[in-house]
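Please read the account below alongside the sequence and the coordinates.

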Amino acid sequence: MQEEHPVGDAFLTFAKKSRDEIRAHQEKLFARLVDRAWKTKFYQHHWGKAGVEPGDIKGLETLPSLPSFDKSDIMESIARNPPLGDFAGFESYGPGERPPAIMHTTSGTTGTPQVLLFGAKSREVQNLLLGRLYRFQGLRPDDVIHSVYGHGMINGGHYVREAVTHWTSSLFLSAGTGVETPSVKQVQLMKDFGATVIVGFADYIKKLARVAVEQGLDPVKDLNIRMISGHLGREDKETLSQAWGGAACFDWYGVGDTGCIAGEGPDRDGLYIMEDAQFLEIGDIDTGKPVAEGAEGDMICTCLFKDDLYPIIRFNTHDVTRLRTGASSLGINFQRIEGFLGRSDNMVKIRGINIFPQAMGPILEEDAAFAGEFICKAKRDESGRDEFIVAAEVNGGASEAVADRFRALLKQKIGIDVGVELSGPGSLAALTQTEVRQKPIRLIDDRFK
């Protein structure tokens, strides 16, 4: 496993190989992956509908001509073959031959939770990729990691715990969400056990800094957090860093099906795609065809290592990014992406303008009155006119002056007039469900009800 997916110094050596050497490695793994995929009913059905036959797939250059799939196809597979679907390929193994399997589900952020199935080998490769990324970002053996990823049936908390405990020597505090361990208790745990690193989603990590202050604790003097690694999206890293006394903040990206796809290194100059294990395409949001270099589009992922259960070839995450151009200052030849820029299936078109709700938070961060929490609302009036409203929490009281500043800032950034609703800190928790969900709700679309 470590020969194909090196760790530590060996990882840096591999990542500095030539593009031709990296491509040769990818082709070897892709051939093995395609062989496994053809043995599953899911791909026999999925590719068969598109007229693809064995032998048509010559190599990675064939990928753009193959149909992609997304969560809806997986849910259809489950409906055809309840309760687990046919995408894992269980039936391709004889009696007693199937490898051990791990089952989780997604969080249900975009609808009904989806079954996730992992073979023991591909699961461990996922663990390795994340563990080595943490080490690449600067994680040390003497670190104590406070994790706010959820557990239960959700994959996140279990996956991150395995990555840390299997592939680093750091201690791991599995605090979970605010429902699993109340925020006040989480802050106390961090103090009691000397946490130095926080991992999780930026929204809740920012909330913990506010809770610490409310409890009379100084995030700098009393909680010595030096590093934060999680999913920052378009969040203002500087704001998050300042909330935790100058902690170094690192972004990484992946989804439940694929594991870690890309992450920032110590240069924090884009997210390096883990190209020894993942092959990423950027597809046009409407057509799925490859976009021009540097243009935004959906991330379509092929997991080169998933050749035991649930092969993944051209999975459309519907998460939007763009490729970074220019050379890496570290001499690494892996491609880089900008990071998570929004979800194409959560994008709203308001009076001809495409708006990603997740982008509203970083825009409002430019105003000191913004308290960090927000939710967007799309409505349609009786005349058929669409309206976009941003509800935001503010410090120091809601005033018309602050609302005017927010309206002006949002119009400048997105190009249309939007409504603004202001309220005090904590008032939007029931709508965003920050304490309950791994990923807060950022859009309520009432236009089609």
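The model is predicted, so local features need pLDDT of at least 70 and side-chain atom pairs count only at pLDDT 80 or more, while totals for chains, interfaces and linings use all residues. Residues are numbered from 1 along each chain as its sequence is written, and side-chain values use heavy atoms, with hydrogens and water left out.

The chain is divided into domain 1 (8-123 + 257-345), domain 2 (138-253) and domain 3 (347-445), with bounds from an automatic or database domain assignment. Between the C-alpha centres of domain 2 and domain 3 the distance is 26 Å. In contact (heavy atoms within 4.5 Å) are 20 residues of domain 2 and 13 residues of domain 3.

Helices (H or I, at least four residues) and strands (E, at least two) are DSSP runs, numbered from the N terminus. Helix 7 (residues 183-193) packs with helix 8 (residues 202-214) at an angle of about 80°, and their axes are 9 Å apart. Axes are lines fitted to C-alpha atoms, for helices over the stretch in contact, and angles run from 0 to 180 degrees between N-to-C directions. Helix 7 and helix 8 are therefore roughly perpendicular, a term for angles of 65 to 115 degrees. Helix 7 contributes Ser183, Val184, Gln186, Val187 and Met190 to the contact, and helix 8 contributes Tyr204, Lys207, Leu208, Val211 and Ala212. These residues divide into seven nonpolar, two polar and one charged. Here Ala, Val, Leu, Ile, Met, Phe, Trp, Tyr, Cys and Pro count as nonpolar, Asp, Glu, Lys and Arg as charged, and the others, Gly among them, as polar.

Spaces are found on a 1 Å grid over the protein atoms alone: in a cavity a 1.4 Å probe fits but cannot get out, whereas a pocket is an open set with protein on both sides within 12 Å along at least five of seven lines; lining residues have an atom within 4 Å of a point. Grid points are joined across faces, edges and corners, and a volume is the space filled by probe spheres set on the points.

The structure holds two cavities of 30 Å³ or more. The second largest cavity, of about 40 Å³, is lined by Phe42, His45, His46, Lys49, Asp73, Glu76 and Arg80. Helix 3 gives the largest share of this lining, four residues. By type, the lining has one nonpolar, two polar and four charged residues.

The second largest pocket holds about 330 Å³ of space. Its lining has 21 residues, and the closest to its centre are Phe279, Leu280, Glu281, Ile282 and Gln335. Strand 10 gives the most to this lining, with four residues.

Key. Angles under 35 degrees count as roughly parallel, over 145 as roughly antiparallel, 65 to 115 as roughly perpendicular and the rest as oblique.
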